[in-house]
Structures are given as structure tokens and as C-alpha cells.
Amino acid sequence: SWARWSRAGLMSIRARFDLRIQDIPELTVRHNTCFNNKEIVYLGQLVQKNHDQLMSIRNFGRKSLRGLEQFLSQLGMHLGMDVGDWKPPDEHEPQAQ
């Protein structure tokens, strides 16, 4: 699975930003529902959020936050990350052919 490759260091942090939250099996249905309601689709969007922003999401509590932080730390990521000039894949400019 991608998670094994990611933890093994075979996927760059920047590439991880493009992962769709719904495609990450380590995240719960509650995570997916909460983030989807706030239009947080990609991991790159999620890691830019801070604790207070996530805790303000309805039905997202401390247990969900702890699980998320543990998962992100396994990937070498954390909340409040600076993602530089990263943009969600659907916002990338089309490549010239």
C-alpha cells in the first residue's frame, strides 16, 4: 500500500500532500466526514491547519486529534506545516504539451 511506501521513505513529503484524505485507510470515517464537511480534501490542505482550527470542526474531538497527530508523525508530518507553494492537484496549472 502507499502507506508502507510512504513510511519507508519512498514517497516524498511533497508527494504526500497530493494524497486524498478519503484514500488514506489509516484515517477513520469520522476524520473523513469532518474534513469533507470543511472541504479539506488533500493531506496538504489538512497539515496546514492548526489544533484550534481542527477542534472547531463539529464532531472532531481530542481523540480524533490524537489519532491524526500520531498518523502524521509516522509520515514525518505535523499540523501547522508550511507547504510552500504547494497547491491541490485540481488547482495545478495544465502542463504544456
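Select helix H3, residues 29-37, and turn to the face directed away from its buried side, where the exposed residues Val29, Asn36 and Asn37 are found. Exposed means over 50% relative accessible area, buried under 20%, and partly exposed in between, with a 1.4 Å probe and protein chains only. Helices are DSSP runs (H or I, at least four residues), numbered from the N terminus.

The model is predicted: local features need pLDDT of at least 70, side-chain atom pairs count only at pLDDT 80 or more, and totals for chains, interfaces and linings use all residues. Residues are numbered from 1 along each chain as its sequence is written, and side-chain values use heavy atoms, with hydrogens and water left out.

Next, select His31, Cys34 and Phe35, the buried residues of H3. They lie on the same side of H3 because they cover an arc of only 95° around the axis, taken from the directions from the helix axis to the C-beta atoms. The buried residues of H3 pack against helix H4 (43-46), helix H5 (51-55) and helix H6 (62-74); contact means heavy atoms within 4.5 Å.

Just after H3, select glutamate 39, which takes a positive phi of about 55°.

Proceed to leucine 72 in helix H6. Leucine 72 is buried, with a relative accessible area of 1%. Leaving aside neighbours within four places in sequence, leucine 72 is in contact with Leu43, Val47, Met77, His78 and Leu79. The C-alpha atoms of leucine 72 and valine 47 are separated by 8.3 Å, although these residues are 25 residues apart along the chain.

Finally, select leucine 68, which touches Leu27, His31, Phe35, Leu46, Leu54, Phe60 and Leu79, not counting residues up to four places away in sequence.

Conventions
Helix = DSSP H or I, 4+ residues; strand = E, 2+ residues; numbered from the N terminus.
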